[in-house]
Amino acid sequence: MRRPGGRGCPVATGGVPVGYIGGVSAAAQAATNAQPPSTPASASRGEPVISCRNLVKRFDGRAVLDGINLDVYPGETMVIMGGSGSGKSTLLRCMIGTFKPDEGELFMFGENVAELKPRDLDDLRKKFGILFQSGALFNSMTLAENVALPLQEHTDLGSEIVDIQVKIKLELVGLREHAEKFPAQISGGMKKRAGLARALALDPRVLFYDEPSAGLDPVTSAEIDRLIVALSKHVGVTSVVVTHEMDSAFTIADRMAMLDKGKMLVVEKREWFDGIRKTGEAEAGKLPEGQQLIRQFLRGDAEGPITRRRASTNYQDDLLGVRGAAEPPPEPSVVATRRVRRSWRRRGESADQEQES
Ligand SMILES: Nc1ncnc2c1ncn2[C@@H]1O[C@H](COP(=O)(O)OP(=O)(O)OP(=O)(O)O)[C@@H](O)[C@H]1O
Ligand SMILES: [Mg+2]
């Protein structure tokens, strides 16, 4: 089923409205006193490339994504942020079709991903590239062979054309001189760039990145950021980037989405988030709780709603297994204290579930 009212993929026509977001400083100033964001005006952007509608994904009965709504428009760079375990990678994996949502719908290029036949899903996958955290290269292949692989698997191009394509992609990420090296012979940052070259092999319209800057030195990280921006601005690639690195996020994002415990707190322009980030101490206390949480996350402050929430989780109850109904049953603990053992016995659980270090 195509998206109701969808007109298909606007990128296909080549009309990519890059750079549609206006001046930074005025918006940042306005956002300092920001109210909860309104639905973004989408009229000028065409149909979304990706559209999540009330997406729910559960693991072991627990909703890891809980009613996510998110649209990503052609040519924009959408940064997805959130604390560890908030569901960022899971959302990304739903988007690329690795995980099937339990509820809701996910449209890509106007197609309902869950309803696609395997062959159609394969065709769809050719339209997007993925950069995993590790680069996910094949260790037994050279960088050139790694980049060539998608072209050999998914196109009928002759070997000479493939070689030229590989050189172009490796040059783009500054690795052409290292084409004959194996992944073990290059640094982590180079692996990531090689992974990006491979993700670009099929000239994708959409690129997904999971933590592209993680583990990189600041200079290499900045290089990756520059590539992401260049791909968006000059090639019109639509990007979805999961990152914890705030400097990077504010460099590359057109819009940003903040996940918290599987719920989408806010989706707004970068300038809105910048305004929240720059809100001074005196004003911060007047912000709604959700915006204070976002502010703490963006600034990396040690004090704030996130840490207060963590501290309010009762450690003793957690050890004894007193949990909320929505949370999954506990794994058998590796270090089972006597107290915990007594508690488990009281709950009638068998002693053979206990492990002691
Ligand atoms: N395949 C899986 N099976 C069971 N639970 C999973 C699976 N994948 C993720 N989870 C759980 O879903 C939650 C969200 O995980 P996810 O990897 O999406 O978080 P994240 O926001 O990407 O975190 P991080 O910043 O640490 O990478 C976590 O509690 C995780 O344990
Ligand atoms: Mg993750």
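Visitor: Which helices do the buried residues of α4 pack against?
Guide: This is a predicted model. In it, the buried residues of α4 pack against α5 (159-172) and α6 (188-199).

Visitor: And which residues of α4 are buried?
Guide: Helix α4 covers residues 143-154, and its buried residues are L143, A144, N146, V147, A148, P150 and L151.

Visitor: Take V147. Why is V147 buried?
Guide: V147, which is found in helix α4, counts as buried because 29 other C-beta atoms lie within 10 Å; the cut-off is 20 or more.

Visitor: What does V147 touch, leaving out residues up to four places away in sequence?
Guide: V147 touches V166, K169, L170, A197, R198 and A201. As for K167, 20 residues apart from V147 along the chain, the two C-alpha atoms are separated by 9.1 Å.

Visitor: L170, you said. Which residues have the most contacts inside the largest nonpolar core?
Guide: L170 is one of them, along with V79, I80, L207, F208, V240 and A257. That core has 73 residues. In soluble globular proteins, nonpolar side chains tend to be buried together.

Visitor: What does F208 touch?
Guide: With residues up to four places away in sequence not counted, F208 touches L92, M95, I96, F128, I130 and V240. V240 is also among the residues with the most contacts inside the core.

Visitor: Step back a bit. How many helices and strands are there in the protein?
Guide: There are 14 helices and ten strands. The protein has 357 residues, and 38% of them are buried. Of the contacts between residues at least 6 apart in sequence, 68% join residues at least 24 apart.

Visitor: Now the ligand. Which residues are around ligand 1?
Guide: The shell consists of F59, V64, G82, S84, G85, S86, G87, K88, S89 and T90. By class, that is two nonpolar, seven polar and one charged.

Visitor: Which element gives the largest share of that shell?
Guide: Helix α2, residues 88-95, which supplies three residues.

Visitor: Different topic. At what angle do α9 and α11 pack?
Guide: The angle is about 85°, and the axes are 8 Å apart. The two helices, α9 (residues 270-278) and α11 (residues 289-299), are therefore roughly perpendicular to each other.

Visitor: Which residues make the contact?
Guide: From α9 they are F273, I276 and R277, and from α11 they are Q291, I294, R295, L298 and R299. The classes are four nonpolar, one polar and three charged.

Visitor: How many residues of α9 are buried?
Guide: Seven of nine, so α9 is mostly covered. The buried ones are R270, E271, W272, F273, D274, G275 and I276.

Visitor: And which are buried in α11?
Guide: Q291, Q292, L293, I294, R295, F297 and L298. After α11 comes G300, with a positive phi near 65°.

Visitor: Which residue other than glycine has a positive phi near 50°?
Guide: D60 has that value. D60 lies in the loop between β1 (50-59) and β2 (62-72). F109 is not a glycine either, and its phi is positive, about 50°. F109 sits in the loop between β4 (103-108) and β5 (111-112).

Visitor: Is D60 buried or exposed?
Guide: D60 counts as exposed because it has 8 C-beta neighbours inside 10 Å, and the limit for exposed is 12 or fewer.

Visitor: And F109, buried or exposed?
Guide: F109 is buried, with 24 other C-beta atoms within 10 Å.

Notes: Residues numbered from 1 in each chain as written. Chains lettered and ligands numbered in written order. Predicted model: local features only at pLDDT ≥ 70, side-chain atom pairs only at ≥ 80, totals over all residues. Near = placed C-beta within 6 Å. Helix = DSSP H or I, 4+ residues; strand = E, 2+ residues; numbered from the N terminus. Nonpolar A, V, L, I, M, F, W, Y, C, P; charged D, E, K, R; others polar. Contact = placed C-beta atoms within 7 Å. Core = buried A, V, L, I, M, F, W, Y, C linked by C-beta atoms within 7 Å. Axes fitted to C-alpha atoms, helices over the stretch in contact; angles between N-to-C directions. Parallel < 35°, antiparallel > 145°, perpendicular 65-115°, else oblique.
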